2 protein chains.
Amino acid sequence: MARHAGVSTTAVSKVLRNAYGVSPAMRDRVKAAIEELGYRPHAAARAMRGRTFTIGVLLPDLRNPFFPDILDGLNEQLAGTDYQAIMVQGGPGTEAEARAIDALVDRQVDGILMIAPELGRARLEEVAAQVPTVVLGQHERSAVYDAVHDDDELGAELVVRHLIGLGHRRIAHIGHRPGGRVRAAAALHVIRAATYERVMREHGLEDGIAVALTSYSEEGGYEGARALLARSPRPTAIFAGADLAALGALRALHEAGLAVPQDVSLAGYDNTRLAALSSISLTSVDQGGAAMGRTAGRLLLERIEGRVSSVRFSVTPTLVPRHSTAAPPRS
Amino acid sequence: MARHAGVSTTAVSKVLRNAYGVSPAMRDRVKAAIEELGYRPHAAARAMRGRTFTIGVLLPDLRNPFFPDILDGLNEQLAGTDYQAIMVQGGPGTEAEARAIDALVDRQVDGILMIAPELGRARLEEVAAQVPTVVLGQHERSAVYDAVHDDDELGAELVVRHLIGLGHRRIAHIGHRPGGRVRAAAALHVIRAATYERVMREHGLEDGIAVALTSYSEEGGYEGARALLARSPRPTAIFAGADLAALGALRALHEAGLAVPQDVSLAGYDNTRLAALSSISLTSVDQGGAAMGRTAGRLLLERIEGRVSSVRFSVTPTLVPRHSTAAPPRS
């Protein structure tokens, strides 16, 4: 096809990748040749350089409304390129996750975005040695892959300080039980839970600490809140480590006949669209999922283009106070 | 077969994969041989290239909480087999959808589950001729792929009759604007909207008919409800064609200072987990997403194993009344 268009294969490749340094005239010539020959970009590209123009995405689950924010950002970054994202569901469990990642590698994707993987760094680096990789969520340093994550310590601080500022003393936390092989210090849920405890202690509220380790899911939030509400004295506020878990906690609160925020304040994390729904109006932490996804996409494309040095990108989160948090009831 | 057609096996493979670089004459010769010998394209192609043990899934979007129900069912069916699902996001638009499907075909998946595709039957059959295919959502009869869908006519009837039974006369509907190439009679959103109008007419409520055609999304529900609430007289009930759109309608109702169900009743469709949340408690229609996904998975595995006859599977939906619907306000 390159011969047909009267241009070099490098130029064709550049046009197909929407790369810089291609003149409009050359772009037109190549595109015309593509149309005339009925060439499809991936087929053509594969023939030339072995690329598949697919980006593999590992998702821990499909129910967490935070992940579509990330995917929106990624797709925005890929729009205008010939790359197409293909996704696999990782969990539950590291075995299923390893298998899902293998499927992406076998399908010869050009790059992989792993969202909150449960596998440890050693295994992720094995994958990254074969395929350009960006890991989103884990706070791990690697020389082989790029990392995009939230400043989870700051995010958790913002929530706990907000609740303490409202006058709460018995603030409980719903966390995610570490089931994977991520180093504790690098696991976002461990960081959020540890920060919660630290800030409580710093304010002399050791006695108000109460943690339920379930999972960042609707069911996990429900079970966690039930366990926490059974305590005596009852917490006056619950900080769920994820909005999805906060939704489950909301169900447990309603079942217990407790009003939010009159009886118990509730805060989440991720500032998902569900948190913004007027009937839920959940105080939450915004870590800019779309911006994370865009950044991850950009880093992946850079790696595919040949960057080998490693990059870490940390998002500074903000608190979004809504109607689910208020002063504790007078007692 | 290659010998019979007088062409190389590479050419046969190319024709079977609809690859480029095959002359029309050669394509005709191969197709004729295929027909004469009763060869099945996917079986033939698979025999040549081997299985990949991946099932491709087309999702219209990642935000609709109904789709994870379907995926849960599919994954349940695939558990214990060596198959792994890989997903692509189709929309928005038929061009993006076609490209997403191409990516699955290029990745040589063994079977494809298309959830609510917007492409028409002709294009879907081209894909199904290459890869075993099950289409979920569309009410289209095909000799080439299997279909799994809800009895959307019954589902819409259940909702509208429920609202009429509560005493509502001005019942509005939020529908999905047909943007794709699905025949109107086969499009689930057209069936739901047409059934709504039919049942209204059958009850002498022509004057109460009010339709906003936006989309089955949170934004679509919000815009649709805003348009409907601006009417005078205002509808006393809104039937949104999907739970996700009902959530958007809920936001518009709250912004307008209207209480649900005291001022306006609201019903959705899909009985998602969001509908069951106590703070939303949305009356909805259950079409058994997990069962649909399991069935689709079973049908795909059967096709991969060699079944060539076509199957249609229709789900009988049920109404799940909750707190979002009640008698209209006295006026």
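Two strands count as paired if DSSP finds at least two bridges between them. Helices (H or I, at least four residues) and strands (E, at least two) are DSSP runs numbered from the N terminus. The model is predicted: local features need pLDDT of at least 70 and side-chain atom pairs count only at pLDDT 80 or more, while totals for chains, interfaces and linings use all residues. Residues are numbered from 1 along each chain as its sequence is written, chains are lettered from A in the order in which they are written, and side-chain values use heavy atoms, with hydrogens and water left out.

**View 1. A parallel open sheet in chain B.** The sheet has four strands in the order β7-β6-β8-β9. Strands β7 (210-214) and β9 (265-267) of chain B are at the edges with a single partner strand each, so one side of each has no neighbour in the sheet. On average, neighbouring strands are turned by 15° against each other, direction ignored. Strand β6 (residues 171-176) of chain B is joined to β7(B) by five bridges, and His176(B) stands opposite Thr214(B).

**View 2. Helices α9 and α10 of chain B lie across strands of the sheet.** Axes are lines fitted to C-alpha atoms, for helices over the stretch in contact (heavy atoms within 4.5 Å), and angles run from 0 to 180 degrees between N-to-C directions. Helix α9 (residues 188-202) of chain B lies across β6, β7 and β8 (237-240), at about 165° to β6(B). Helix α10 (residues 218-229) of chain B lies across β6, β7 and β8 too, at about 150° to β7(B).

**View 3. Buried and exposed residues of helix α7 in chain A.** Buried means under 20% relative accessible area, exposed over 50%, and partly exposed in between (1.4 Å probe, protein chains only). In α7 (residues 121-130) of chain A, the buried residues are Leu124(A), Val127(A) and Ala128(A). They cover an arc of only 100° around the axis, which puts them on the same side of α7(A); the arc is that of the directions from the helix axis to the C-beta atoms. On the other side, Ala122(A), Ala129(A) and Gln130(A) are exposed. The cover over the buried residues includes α6 (94-106), β3 (111-115) and β4 (133-136) of chain A.

**View 4. A salt bridge between Asp72(A) and Arg63(B).** The closest N and O atoms of this pair are 2.6 Å apart. A salt bridge is a side-chain nitrogen of Lys or Arg within 4 Å of a carboxyl oxygen of Asp or Glu. Six are found across the interface of chain B and chain A.
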